[in-house]
Amino acid sequence: MAEIVAIKPAVADGPVLASLDKGVLRLTLASPPANALSLATMAALAAELERARSDRSVRVIILAASGKVFCAGHDLKEMTARRADADRGKAFFEETFAACAKLMQAIVRHPLPVIAEVDGLATAAGLQLVASCDLAIASHEATFCTPGVNIGLFCSTPMVALSRNVSRKQAMEMLLTGETIDAATAREFGLINRVVPREYLNQIVNKYAQTIASKSSLVIKTGKEAFYAQAEMGLADAYSYTGRVMVENMLARDAQEGIGAFIGKRKPEWTDE
């Protein structure tokens, strides 16, 4: 049975719960109904991601949520309350958006693959969270939106992750209208990988996770890092960089083992080196 651990052991029902089973770390947003990204929730999620970086037993991370909403974005009640501060909340707003940006980059730069399991609404920074993950699989009931324009707050930071997943026209459609799209449209846009029936969502996400977990973690780390790095380069620089990456990869023990196993028609035995 997987071990269930709260981020803050003293709080039985903390904002993020973690369970580890067969190399797959499941992080569950556990503040329904909104699962909002309060400062406490972002800190808890960031702490778990950081812990996983040095835990060799973790090979893949799943990001899920409890309740009917995957994540409603920032905690607007928490932010509104700080308007009573002497600076009208400016310092707190800066802290909140900086923490969010750091969290999203921690997911992208994390050495392990992160899979979003979406069953419900992902809105604003919640959509940003989905878009920041390496893979995203959603149920038919999942919906997505960047509705900031409807309340006088353009989704500028969610736009960063959104525009790196979908085309400019599709991103601007979502950002300018604030309208909700269904899971099928999100897949068509390229925001998510697959749409599956709710009753099979967990099973399919776990299958993806176990498939990835069976690979060399060194190779997965190398590939993920190179993917995001080359995406920010020009064509010639990207080929030059990835060529160097492949040379280093070829010199790794797992490449020697994997290629030898392929030629010898046997199952490879990874050392993650």
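Colleague: Which elements each supply at least two residues of the lining of the second largest pocket, and how does one find such a space to begin with?

Modeller: Rolling a probe the size of a water molecule over the atoms shows where empty space is left. In this structure, which is a predicted model, α2 (76-81) and α5 each supply at least two residues of the lining of the second largest pocket. That pocket has a volume of about 370 Å³, and among its 22 lining residues H74, L76, A124, I151 and L153 lie nearest the centre. By class, its lining divides into 14 nonpolar, six polar and two charged residues.

Colleague: What lines the largest pocket, and which element gives the most to that lining?

Modeller: The largest pocket, with a volume of about 880 Å³, is lined by 31 residues, of which V108, A131, S132, R164 and Y228 lie nearest its centre. At least two lining residues come from each of α3, α4, β8 (135-139), α5 (156-162) and α9 (217-231), and α9 gives the most, with six residues. The lining has 18 nonpolar, eight polar and five charged residues.

Colleague: How should I read the packing of α3 and α4: are they roughly parallel or roughly antiparallel?

Modeller: Angles under 35 degrees count as roughly parallel. Helix α3 (residues 90-108) and helix α4 (residues 125-132) pack at an angle of about 20°, their axes 9 Å apart, and are therefore roughly parallel to each other. The crossing of α3 past α4 is right-handed. On α3 the contact is made by C100, M104, I107 and V108, and on α4 by A125, Q128, L129 and S132; these residues divide into six nonpolar, two polar and no charged.

Definitions and conventions:
Residues numbered from 1 in each chain as written. Predicted model: local features only at pLDDT ≥ 70, side-chain atom pairs only at ≥ 80, totals over all residues. Heavy atoms only, no water. Axes fitted to C-alpha atoms, helices over the stretch in contact; angles between N-to-C directions. Helix = DSSP H or I, 4+ residues; strand = E, 2+ residues; numbered from the N terminus. Parallel < 35°, antiparallel > 145°, perpendicular 65-115°, else oblique. Left-handed = near helix turned anticlockwise from the far one by under 90°. Contact = heavy atoms within 4.5 Å. Nonpolar A, V, L, I, M, F, W, Y, C, P; charged D, E, K, R; others polar. 1 Å grid on protein atoms, 1.4 Å probe; cavity = no way out; pocket = protein on both sides within 12 Å on 5 of 7 lines; lining within 4 Å. Points joined across faces, edges and corners; volume = space filled by probe spheres on them.
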